[in-house]
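Biologist: I would like to go through this chain with you. Please take my questions one at a time.

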Amino acid sequence: MSEAALRDVLAANAAFYRAFAAGDFQAMDALWARRAPVACTHPGWRALIGRDAVLASWAAILSAPERPAIVCFAPHAVLLGETALVLCYEDVGAWLAATNVFVREDGAWRMVHHHAGPARDAPAEEPASGRMH
């Protein structure tokens, strides 16, 4: 995997968590693919398929007064051509394991799938770069 592609995918992943933490729907909307099919499974939710359903869920989550604080730990990127997976942990007051899938669209990495669910254990270690918000 090229260092530039790895850096760009991890930057897109970090932007996702910054938008989530800030409750910034416009930033969240900009991160999701517009042409590629998208899907999302929030912890305890049914699978959401399609951009409209996925972004409606984010609008509800990001505008909720009880939106959880979130911190991303130990992101690990895997590049598969024009698709990338980022496996990481989320600290939302409980540990979640998450998979974020990105595709190259219009020269940028755009999210096409987010899935998070309960993790049995905390990550073994923090990434060398520390926390990603």
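Biologist: What covers the buried residues of α3?

Modeller: This is a predicted model, in which local features need pLDDT of at least 70 and side-chain atom pairs count only at pLDDT 80 or more, while totals for chains, interfaces and linings use all residues. Residues are numbered from 1 along each chain as its sequence is written, and side-chain values use heavy atoms, leaving out hydrogens and water. Helices (H or I, at least four residues) and strands (E, at least two) are DSSP runs numbered from the N terminus, buried means under 20% relative accessible area, exposed over 50% and partly exposed in between, with a 1.4 Å probe and protein chains only, and contact means heavy atoms within 4.5 Å. The cover includes α1, α2, β1 (39-41), β2 (48-49) and β6.

Biologist: Which residues of α3 are exposed on the other side?

Modeller: Buried in α3 are Arg-51, Val-54, Leu-55, Ser-57, Trp-58, Ile-61 and Leu-62. They cover an arc of only 150° around the axis (from the directions of the C-beta atoms), so they lie on the same side of α3. Exposed on the other side are Asp-52 and Ser-63.

Biologist: Is His-114 buried or exposed, and with what relative accessible area?

Modeller: His-114 lies in strand β6. Among the residues it touches, leaving out those up to four places away in sequence, are Phe-16, Trp-32, His-42, Trp-58 and Glu-90. His-114 is buried, because its relative accessible area is 2%.

Biologist: What relative accessible area does Asp-8 have?

Modeller: Asp-8 belongs to helix α1 (residues 3-22). Its C-alpha atom is separated by 8.2 Å from that of Ala-108, 100 residues apart along the chain. Asp-8 is partly exposed because its relative accessible area is 37%.
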